[in-house]
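Hi,

Here is the structure I promised to pass on. Have a look at it first, and my notes follow below.

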Amino acid sequence: MPVKSPASMLKPAPALKINEFIDELGEMSRTGKVDDFSIRRIERDVRVMLDKKVGDPADWYMVLGIVAYLRGERQQAFDAIQNALRLGPNQMMILCNAALVYGTMGEVRASDLIVRKLISLSLDDKVTMGANVERAYGLLQFELALSLQEQYDKLAINDKTDGLSVRTSLEYIRPAYKEFAMPDSQLLDRLETAVNAVRNSGYEVRRTSSSTLRDGSVMLCLHVDADSDICAELNFAIADALVENYEDTGVALISLITRRLSQFSLAVELADMKS
């Protein structure tokens, strides 16, 4: 989920507006159900704010980046996020959302670099630490995610609310990870190889979703705008690339597959029904 901008960083009115936009966009990002009317309204309002030089332009560019990402406008998303990072290189909201968008678009190296920068900047911030745990898990960085979870729990020791949505998943995979431990760097290599296999076939990752399997491993789905037959071909391409490049593909810990973009919303709905 996108992360809101702390009100203390901005004037009250812009801060409220940004957080209102982030709430709307966050729900669309979470469910995969994009409301075109709301997207157009948010984009129009943000551009008005930029033209009038109201608030922090870094925040507005980040919102535009999320808008473009939800529309599937990859280059526009990159351009807006790069502007946001240039103008607010150490702002938590900017970094958290950039890591999220990059990761779910398959830009796993860029996302990982930002997550590790965030860690160095947010050692005592529970909200950002929680976001770091979730993003590390989404990048299959299990060693990092488990370590960050311990730090998160220390920060939240007197807090009765638990905002860590991947806690159950982390606990479920812990035994498998201990038995078949693979360094985070190697897991990231395999994820990047899968993404490149999709890209080399002429497709781009539009969303990602994950689920824990009965054996404690994690299945990461790379959602693409294609039909079932194409996804089947992409899955063969991923398998071939992994076998060609690695003696150990990491199958004891992870499964990397493609699914139709339309299946992303269904996966979220099923997860919501279980929770």
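Leu 140 sits in the loop that links helix H7 (126-138) to helix H8 (142-155); helices here are DSSP runs of H or I with at least four residues, strands are E runs of at least two, and both are numbered from the N terminus. Its phi is near 65°, a positive value in a residue other than glycine. Leu 140 is also buried, with a relative accessible area of 0% (buried is under 20%, exposed over 50%, partly exposed in between, using a 1.4 Å probe and protein chains only).

Before going on, please keep in mind that this is a predicted model, where local features need pLDDT of at least 70 and side-chain atom pairs count only at pLDDT 80 or more, while totals for chains, interfaces and linings use all residues. Residues are numbered from 1 along each chain as its sequence is written, and side-chain values use heavy atoms, without hydrogens or water.

Lys 53 has a positive phi too, about 55°, and is not a glycine. Its loop runs between helix H2 (36-51) and helix H3 (57-71), and Lys 53 is exposed, at 71% relative accessible area.

Beyond four places in sequence, the contacts of Phe 142 (heavy atoms within 4.5 Å) include Tyr 137, Ile 173, Leu 253 and Ile 254.

Leu 253 and Ile 254 are also among the residues touched by Ser 217, along with Ser 211, Thr 212 and Ala 252, again leaving out residues up to four places away. Ser 217 belongs to the loop between strand E1 (207-212) and strand E2 (218-224) and is buried, with a relative accessible area of 1%. Its side chain makes a polar contact of 2.6 Å with that of Asp 215 (N or O atoms within 3.5 Å, one able to donate a hydrogen and the other to accept it; residues adjacent in sequence count only if both atoms are side-chain atoms).

As for the whole protein, there are 12 helices and three strands, and 50% of the 275 residues count as buried. Of the contacts between residues at least 6 apart in sequence, 67% join residues at least 24 apart.

Best wishes
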